[in-house]
Structure formats: C-alpha cells, structure tokens
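Hello,

Here is the structure I promised to pass on. Please open it first, then read my notes below.

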Amino acid sequence: MKLRDLALLAIALLVLLVDQTSKAWAIENIPLNTTYSIIPPLEDIFVLTHITNSGAAFGLFPQLSLVFTFVALIVSVAIDAYYRSIPTGQWLVRFSLGLQLGGAMGNLIDRLRFGAVTDLFYVRFAPVFNFADLSIVVGVGLLMLHMWRTPPPAQPAPVTSSDVPEQVESQGDGLG
C-alpha cells in the first residue's frame, strides 16, 4: 500500500474518531432533546443540542433509514474504488474524499448501533448537525472547488470534410 493510499484511511479515521467521541460525549452528558450552552456569551448563536435523526440530512425522509444505511455503504465502497484512480498531486481531491468517507462511516455506525444518527451542534440559523455531517459537507465543497478551479481536459477538434485533403482522381491504372 502506498503512502498516498494511507491518506484516505488516516483522514477518514480522524473524522470518525472526532465524530464518535463527540457523539458519545453528547449521549453521556446531554439528555435527549435538551440543550446545553457550552459558551454562555454565544448561546444566542451556538449551543449543543442532543437529538436523534433517523432520516437524511436535516431530518428529511425519516422513514428511509434503511435506505440511507445502504447508500452510506455504497458511497463508502465507491469512494474507496475511485480514490485509487486519482492522479498523483491531486491532494485536495484525496483530502475531500477522506472527509466524505469518514463522515459517511460515522453516520453509518450510528445507524447500525442505534437505528438513528446522533446530532448535537446547533447553530441557530441552521438545522442541528454532527461532525460527520460537517465533514461530508466540507468534503463535497472542497471537491466542487477543485472541479471549478480545474480546467476540463483538452478535447481534440472534430474532423470536418474541409480538414481532409482532396484525393487526386487517377486517369487510369497505367497498365495499358
């Protein structure tokens, strides 16, 4: 295994560690459906709120929890497969995929263990989220930034009839 391949694993494991540790702390210290002000001067903007979410991002489609479990598995396998084909030097793509993989795995572990995802960060103008969600969003954003900044590969110009030299018609075969 090459060092560049270890980057995916290292980034994903770091995200997973931070995500699962923060969720375990919230489960242990904040009763379900309650809020905790971690920085009192900022409580009008940011608090910790322990909730569970069986649906997709922002609580959408809670009845599809099993579907999201399979989607997380498929996405994780696809990221791993695609990662191996990334050209050398594209560190931003590698980093973004590591964030996405770690986030997908963090929420997948919650779904398998508890049947729902634990959310805890509440910025008052956004839905409650967790570190895995944040990692997925940042990873997708970085991938979009890379795609926006990278020019498309040069395409060969289409060949038209005016580009093909005319052939000289022969008067005969010269045999007679």
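This is a predicted model: local features need pLDDT of at least 70, side-chain atom pairs count only at pLDDT 80 or more; totals for chains, interfaces and linings use all residues.

Overall picture. The protein has four helices and three strands. From the N terminus, their order is α-β-β-α-α-β-α. Of its 176 residues, 34% count as buried. The accessible surface is about 11800 Å², and carbon and sulfur atoms hold 69% of that. Among contacts with a separation of 6 or more, 65% join residues 24 or more positions apart.

In soluble globular proteins, nonpolar side chains tend to be buried together. Here the largest nonpolar core has eight residues: Leu8, Ala12, Ile79, Tyr83, Ile86, Val93, Leu97 and Leu101. Helix 3 gives the most, with three residues. Take Ile79 as one member of this core. Beyond its neighbours within four places in sequence, Ile79 is in contact with Leu8, Leu97, Gln100 and Leu101.

The pocket. Look next at the second largest pocket, with about 240 Å³ of space. Its lining counts 14 residues, and Leu8, Leu9, Ala12, Asp80 and Leu101 lie nearest the centre. By type, the lining splits into nine nonpolar, two polar and three charged residues. Helix 1, helix 2 and helix 3 each supply at least two lining residues. Which helix gives the largest share of this lining? Helix 1 does, with six residues.

Best wishes

Key: Residues are numbered from 1 along each chain as its sequence is written. Side-chain values use heavy atoms; hydrogens and water are left out. A nonpolar core is a set of buried Ala, Val, Leu, Ile, Met, Phe, Trp, Tyr and Cys residues joined through side-chain atoms within 4.5 Å. Buried means under 20% relative accessible area, exposed over 50%, partly exposed in between (1.4 Å probe, protein chains only). Contact means heavy atoms within 4.5 Å. On a 1 Å grid over the protein atoms alone, a cavity is a set of points where a 1.4 Å probe fits but cannot get out, and a pocket is an open set with protein on both sides within 12 Å along at least five of seven lines; lining residues have an atom within 4 Å of a point. Grid points are joined across faces, edges and corners, and a volume is the space filled by probe spheres set on the points. Ala, Val, Leu, Ile, Met, Phe, Trp, Tyr, Cys and Pro count as nonpolar, Asp, Glu, Lys and Arg as charged, and the others, Gly among them, as polar. Accessible areas come from the Shrake-Rupley method with a 1.4 Å probe; for residues, only the protein chains shown count as cover.
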